[in-house]
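User: Please take a close look at one part of this model, the surroundings of the ligand, and state the cut-offs behind each term as you go.

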Amino acid sequence: MYLHGTSKINAEGHLEIGGVDVADLAKEYGTPLYIVDEALVRQRANEYVSAFEASGLKFQVAYASKAFSVMAMCAIAEQEGLSLDVVSDGELYTALQAGFPAGRIHFHGNNKTPDEINMALDANIGCFVVDNFVELHMLNALAADKGKKVKILFRITPGVEAHTHEYISTGQQDSKFGFDLGNGAAKQAIEEALKLSNIEILGVHSHIGSQIFEVDGFRMAVDKVAAFAVQIREELGHTFQVINLGGGFGIRYVEGDTPLPVAQYVAAITDAIISNFSAANFPLPEIWVEPGRSIVGDAGTTLYTVGTMKEIPGVRKYIAVDGGMMDNPRPALYQSRYEAILANRANEANAETVTIAGKACESGDKLIIDLELPKAETGDLLAVFCTGAYNYAMASNYNRFRRPAVVFVKDGQSDLVVQRESLENIVGNDVIPARLRKSLAK
Ligand SMILES: *Cc1c(COP(=O)(O)O)cnc(C)c1O
């Protein structure tokens, strides 16, 4: 059993996170329940900040809020000195409502609408990461309407892509995101932007993938971006002040996942920046990164109650829990793997191999295939680890299930940060037109 952060097994054989017995959390808040180990989130944030401080470079660590965007998380990011990436009006609104400083917000996305751009301009956010030519000219025009000059990075596709364990370096990348470096689109974007009076180019951004366990891809990306910076200075006379290397730093979901310590990812990036830019006699740029998963992923645990069971002799035994693909779509979407334990009987020896099924009307709604567990009974608690990233964020109301509550736990205390949805919430946006009402009871 691999326990993350402050998680441990207490004297009663119960899983405890942040000094709180999860059986007590189940009683107080119900299940399914997302539990976040606040100390571990803060520790991860601090690992990034400390590693950059050690490099001596100027930096921003921008938490990619898409991984888990709720107001309480924005508050923690703010306290830990992080910046924040948003990709929608909803994520921007969440950050602003939380009181997150607008100057530390960066706006991403390949199809920002005029409404979203205006909202971000009105809030005076710190930076737009411009993805394509249409957006560049729209942003300049909307900024001009408001008499503002906006800071931007250009998202470029450097021709390096990480497939978790390997990298491919190709001339031409087929991606919906960004300006291609190899075909000249990136240079053309800089050329066009230099003529726009409401745009200020800070530099460039690249993001090479997700759940990355090695540093070679980041080094390759730095090499390409540095060469581009030198080319732009020579050919267009513009000097980048900021290089953003994106996110994608891996975490341990299951045995066999071997992420590097945060400090090693950061050192690989800062070393590559210093050597490339020094060699070119280029003023050392400010470095930004955008970790999402590696800030919140291993701090999250989802707690379920075991319900029904079905054994198919010689095939498999299903154990059904009170959630599923609606609170964690990743196994169904990407065959993602997770580890889990019986949280109220954590000291008992494993006795059977089971498949954890959700309760959605989809045969594919299986959270974990072939999990070793003690013999589970109806009413037991199942804790699935490492669900902090892209779980609540991707949750749906499929089958009109209610999205679970989220609690932060720390130093023996639990705090609700998102309420469980109510049945009233489920129909809250529904409207029955008058002409359909006549025959109904009310
Ligand atoms: C998704 C994304 C991130 C965060 O990725 P993680 O794998 O969660 O670290 C950062 N930057 C961009 C542009 C992204 O699309």
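**Around the ligand**

Analyst: In the ligand site, an oxygen atom of the ligand has a backbone N or O atom of Gly 292 at 3.0 Å, which is a polar contact (a pair of N or O atoms within 3.5 Å; within protein, one must be able to donate a hydrogen and the other to accept it, and residues adjacent in sequence count only if both atoms are side-chain atoms). The model is predicted, with local features needing pLDDT of at least 70 and side-chain atom pairs pLDDT 80 or more, whereas totals for chains, interfaces and linings use all residues. Residues are numbered from 1 along each chain as its sequence is written, and side-chain values use heavy atoms, leaving out hydrogens and water.

The backbone also takes part at Gly 248, where a polar backbone atom is 2.9 Å from an oxygen atom of the ligand. From Tyr 390, by contrast, a polar side-chain atom is what lies 2.6 Å from an oxygen atom of the ligand. On its own the ligand has 390 Å² of accessible area, and the protein covers 92% of that area (Shrake-Rupley method, 1.4 Å probe).

There are 14 residues around the ligand (a heavy atom within 4 Å), and those that come nearest are Lys 66, Gly 248, Glu 290, Arg 293 and Tyr 390.

As for its location, the ligand sits in the largest pocket (more than half of its atoms within 2 Å of the grid points), a pocket being an open set on a 1 Å grid over the protein atoms alone, with protein on both sides within 12 Å along at least five of seven lines.

Definitions and conventions:
1 Å grid on protein atoms, 1.4 Å probe; cavity = no way out; pocket = protein on both sides within 12 Å on 5 of 7 lines; lining within 4 Å.
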